[in-house]
Structure formats: structure tokens, C-alpha cells
Amino acid sequence: MSAYTLKIRRFDPETGDTARWQDFDVDLAPERSVLDGILQAKDREDASIWIRCSCRAAICGSCSVKINGKTGLACNTRISDAAADAKNGSIVVEPMGNMPVIKDLIVDMDAVHWKKVQRVIPWLLPEGDPPEREYIVPAESMIDITQSMACIQCGACVGACLSLEVDPDFIGPAALAKAYRFVGDPRDGATEDRLVDLAEDPHGLYDCTHCFACVEVCPKDVAPMNQIMRMRRQATSDYEIKDNNNGYGHEKAFVGLIEKYGTLHEAQLLPRSFGDGSLVKGQTDPKAVKQLVEALPTAIRGVKSGKVSPLKALIHHKLPDQKQVRRIFHEIESKDERLELNMYIVGEVGGSNPDLDETAPAMGETGDEG
Amino acid sequence: MKVAYWPGCVSRGFTPELHGSMAAVAPLLDIELVELDRANCCGAGVIAEHNQELVDSLNARTFAMAQGVEGAIGMMNICSTCQGAQTECKERLDADEAYRDHVNGHLTPEGLAYKRSGAWWNKNFLWLLVEEIGLDALRERVVRPLEGLRVAPFYGCYIVRPTERLGYHEHPERDGYLEQVIEAIGATPVEYAGSHKCCGFPVITMNRETSLRQSGRHMADAIDAGADCVVTPCPLCHLNLDLQQPDAARYVERDLGMPVLHFPQMIGLALGIDPKTLGLNKHVVKTGAVQRKVAELTAA
């Protein structure tokens, strides 16, 4: 048994008092969980501590909290690990972010998480009449969605999402991962409608800021951000959805510039984004004009600070071997299907791959120089 | 120490002061930079959104070129986004031999191939400085300890998450390196809410409000925590934190004016390089107050 201190954020709206911190000393074996610690404090010291929990085995998804600033399941976090991460000796336990606190460690999942899940129509919309018996689906066509199906609705990603922090209307990682569960389902007949809906929503597919916070905190490796990126690939490449948020144009412009120059010509990225990748097409669109005008002060600041010369903004040199890059683009883009390596299925690095030699110098014989 | 050096696109584009400051700092730390001037963009997460095989092939090409630099101990970048985007590709290339061979097939006309090796690495200058050069060696070379300068670290998402992909199991302190370096050069690290959050840059063309509310909020938090400046190892973050700061101020409805330094610029100041050589005059948010503080240190 070891002694640990939990610093728990207490808040009871009925008292009218502001939130406060309260320390609890607990005594547990190091392999026990932070949840065990909270429950011991509740059992021995203060029965009024509120925490939502049930299975204690990372299955029910009830006990997500913030531990030392990181969102996760309390039952799935070893108390000794949390103590090792703790600053000043106390394990800090708070309610998750981005959701209103009901009491102590319990947040209002209905007000945020579940509402957002409902937003994405989380059920199958099959096309045509149902078959007489069950739907027959080849196993390999379901592999792609097993990752999003692993979600236990714990809300950790919602609590940690950095876009939600500034835009509470963002559909958010959990709901978008759930959306992919149906977008990727071969039985669903509304794939394009779903993608159009999510791409056109100003708080949808293109409001994800690519910060990996959801990937980091998910206890089930759902990697919600990866599911969002999958949907972006499908929206732009498979369905060519030219959304109002400029997601399509931005991707086309960026990829097109690398195909042309090899490195990014930043000055052309924004104007090309409005022309689906073309420098001139689409610039007269009133929305494009408005955004380009909005971006003008930024461009002027760039020139005034000496970062960018007008010449540099106009002329961007191609890589010396740009034809190699173009050939790679052509080889891959001319194929009918995209090849995607699903790391969730392939597994982790360092398996039984025979050619991995951890000790061999990587380059020539001078590996230890310097 | 010789490294294959990938400077990235933005350091040679809209943040030329980053490229210049790295070039000025490298010899003082005995780093020989062999620039990969034929390598292509890392994709910055956007090409990965478009086609994984494409982005993996483009970065395999860069890795193969880096592995071909005679005598280099590894590859170095100066951009958190390059670090993360390239590590993502490396993870896929390393995970599956058949996939790696397939991707290498796109490089064969030029005789290039990415070879998986546990000993080969690609590190941001921040990681290289702490892990390969060492904080003690850095301290020995500091000629102008930045005493009294309060510096707020800003990492950039791609260099802190996901930890499993980015080698945090082997180097668990990587998310604290900026603070360690700030201390090593005599300055004071400032703790504030935004240090490991997102600058918002990836959605600047798609949702300006979400984007600039993020950068604006972090700068406001750094001001409230009493920072003299922010330092970042990511030029894309720098674009949103510095170049866009006057606009970000409107989205968070308050004055900002927080100078944002590139990581090599901060090192350069401590190594005695003059601010102009480091390009401190090429910032949107004026760095005069930082420069004056540093000048006072020299005088004292």
C-alpha cells in the first residue's frame, strides 16, 4: 500500500459557492486506479463527492475526468502513474472541459456530447427495401469502420477538443467519428448526403484544427481526427463536394501547388483556394472577394515587416528535381483507388518485421560521429 | 555533428528569419547543416488528407535523400509540423514491409529507397539540441544568459501529440524541453494555459474565427502570465501567432502585442548573435522590448 494525495475540484451549484479544491489522502496499492482513489475518499472521508462510474474496467465510459490536466478514464489511469505525473505531489482531478459541470466531477454529457452525436444521424439509412433476411456484408468492407465502432462514448475527446474550446458549435470529435461509422458502412445509402451535410456545416468537417488532442486522449484508439480526415478525403476526392467553407478549395490548392512546385508557394495558397486550385478561376465569387479583401492586411503586414518581397510573392522556384515529384504524383493520382494503410488494423511498429535492426548505424559507417 | 537538414517550406517562404537564424546558430553549436535542397514539402497534414500513399511516397523520398547524406548522424527539421507530418508517414512506412516496398517502388527510377532502421531518426532542432547536444553543452556555450527575460513556450500540436507516435515512450520529457532550454540559457519559463494547445493555423482559410480565437487566446494568456515574449519551434504556429496577431486581437477583443520568437532566434540571442542577424526586425509584432532587455544584459 502507498499513500497518495488527490486534489479534487469540488463544485455544488446549489450552495451558490464558487468551485474550490479539496485534498484527500488515500492509501492504495500502486496498480489501483485513480477511480479507486476517488471512491476510497468518498467511502472514508466525504460521501458527498460526486463521480459518475460503473464498470471500473474501461468499458462503460462513465468516469472520464481530467487528471493532472489530461482527460481520460479514471478507472483506466493507474494511481501511481498519475502520482508520477503530478506536480507538487498532489494528483489533480477535475471535471472534463467543454461541458457544463453539474456537480463536482460530473459534467452535463446530454447538453454537449449526446446532442452532438444526435446531430450526425447516428443510425443506418439503408437504400431501397430491406432484404428478406439479414444484410450480407463482406468482412473486409467493414474493417474500415471497426475503429470508429470501438467508441465507448466516454466523451474524453469532447472534453479535450481544442476547436470546441473556442467554437462550442463545432460538431466535435466523438460525433464526427460516429458519423464516419455510417459514412464508411457499405450498407448505408446516404453517404454523399451525409458528407455534403458535414462539409457544408461551418462547424463541421472543416472546423477540426488537426491538433491530435482527441487522438491522444481516446482510451480505445478510435482516433476521431483520423476519421475526420478520412471523411475529408472522401468529400473532396470521391464526391468532389465544393463546400462553402473552402475545405475542397484549400486541399486542391495546396496539393496542386506541391505538384507544380514541390514546395509550398504560400502567396498563392489563399487565392488558389477560392478557385478550386486555379489561380484565376473563382476569384470573382463575392465570397472569395470578401475573404481576399480580409486577407489583404495580412499580406501588407508580411511585406512591411520585410518577411516577403512582392517579387517573392509572385515568383516561386520549382525544385531542381521537380519532375520526380510530378512523376510520383502522376503514378499515384492516376490510379482508380486510393491505397490507405490502416494502422489500427496493421498494428504497432516493432513487431516481427525481420529487417528492423535497432543497433545498426543508419547511414554508412559513421553513425556515431558527432 | 553533421545532419541532413530539412528546413521546410515556410522557413524559406513567409518566415525567412527562421531559416537565417538557424544558419547563424548552427556553427556556434558545431552543427554542420547539409541542406536537402531537392526535397519536397512534407504535406503539412493537407496532402495526408488528400492521399496517404502520395504523402508517404513524398516523405519517403525526403527520408531516402537524408539517409544518403554521407556522415550525417540523422535528419534535422526546424518545424513542428514537418516533425509531426513526417513522423506520421514514417510510422506507416515502418509498420508494414509490403507497404514500404510498394511506396519505395515510386522512388526506384531515381535509385532512391527509404530503409527502415531503428537507429535512423528525424528530429526537430529542439529535440536535437536537448538529446544530441545536451543542455550542459548548451550552457557552456551561452555567452549572454538571458537573465530576467520571461519566455512563454509554445510547442505546436504536431510535436507534442500523439505521444506514442512521437517517441515519448523513449523520451518522456519532450513536452518539457522548451522550458528546460529556456532555463538553461538563463531565462525564466512562463507557465500559462496555451503552451501545448493549438495555434489554429490549420483552419485559417476554412474557419478564420476558430483559428484566430485560438491564437489570440494563447497570446492573451501569455500576456496575463507576465511573459516578455513567446518562443516556438514551429513556423506555421509563428504565422498565426505573429503575422496574424493584429487580426487575432480583434477576435479576442483586446490588445495583444506579444512578440513571438522562433526557437533558433532565442538560442542565437543567448549565444551572443546580434538581433538583426537573427531577423528579429522581420516580425509583425515588434520585438524591440525584447531586444532592449537583451541589450541591457550585454551592457551589464
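Reply: Two strands pair if DSSP finds at least two bridges between them; helices (H or I, at least four residues) and strands (E, at least two) are DSSP runs, numbered from the N terminus. This is a predicted model, where local features need pLDDT of at least 70, side-chain atom pairs count only at pLDDT 80 or more, and totals for chains, interfaces and linings use all residues. Residues are numbered from 1 along each chain as its sequence is written, while chains are lettered from A and ligands numbered from 1 in the order in which they are written.

Me: Which strands stand at the edges of the open sheet of four strands in chain B?
Reply: That sheet has parallel pairing and runs in the order E2-E1-E3-E4. An edge strand has a single partner, so one side of it is left without a neighbour in the sheet. In chain B this applies to strand E2 (32–35) and strand E4 (122–124).

Me: At about what angle does H4(B) run to E4(B)?
Reply: Axes here are lines fitted to C-alpha atoms, for helices over the stretch in contact, and angles run from 0 to 180 degrees between N-to-C directions. H4(B) lies across E1, E3 and E4 of chain B. Its angle to E4(B) is about 160 degrees.

Me: What radius of gyration does chain B have?
Reply: Chain B holds 13 helices and eight strands. Its radius of gyration (taken over C-alpha atoms) can be set against the globule rule, 2.2 Å times the number of residues to the power 0.38. For 300 residues the rule gives 19 Å, and chain B comes close to it, so it is as compact as a globular protein of that length. The value for chain B is 19 Å.

Me: Which residue in the hairpin of E3(A) and E4(A) takes a positive phi?
Reply: Strand E3 (residues 64–67) and strand E4 (residues 70–73) of chain A pair in the antiparallel sense over four bridges. Opposite pairs include A:Val65 with A:Gly72 and A:Lys66 with A:Thr71. Two residues lie between the strands, and the one with a positive phi, near 50 degrees, is A:Asn68.

Me: Which helices do the buried residues of H12(A) pack against?
Reply: A residue is buried if 20 or more other C-beta atoms lie within 10 Å of its own, exposed if 12 or fewer, and partly exposed in between, with C-beta atoms placed from the backbone. In helix H12 (residues 266–273) of chain A, the buried residues are A:Leu270, A:Arg272 and A:Ser273. They pack against two helices of chain A, helix H11 (247–261) and helix H13 (286–304).

Me: Which helix gives the most to the side of chain B that touches chain A?
Reply: Counting residues as in contact if their C-beta atoms, placed from the backbone, lie within 7 Å, the contact takes 69 residues from chain B and 74 residues from chain A. Elements giving two or more residues to the chain B side include helix H2 (46–50), helix H4 (80–95) and helix H9 (208–224). The top contributor, with seven residues, is H3(B).
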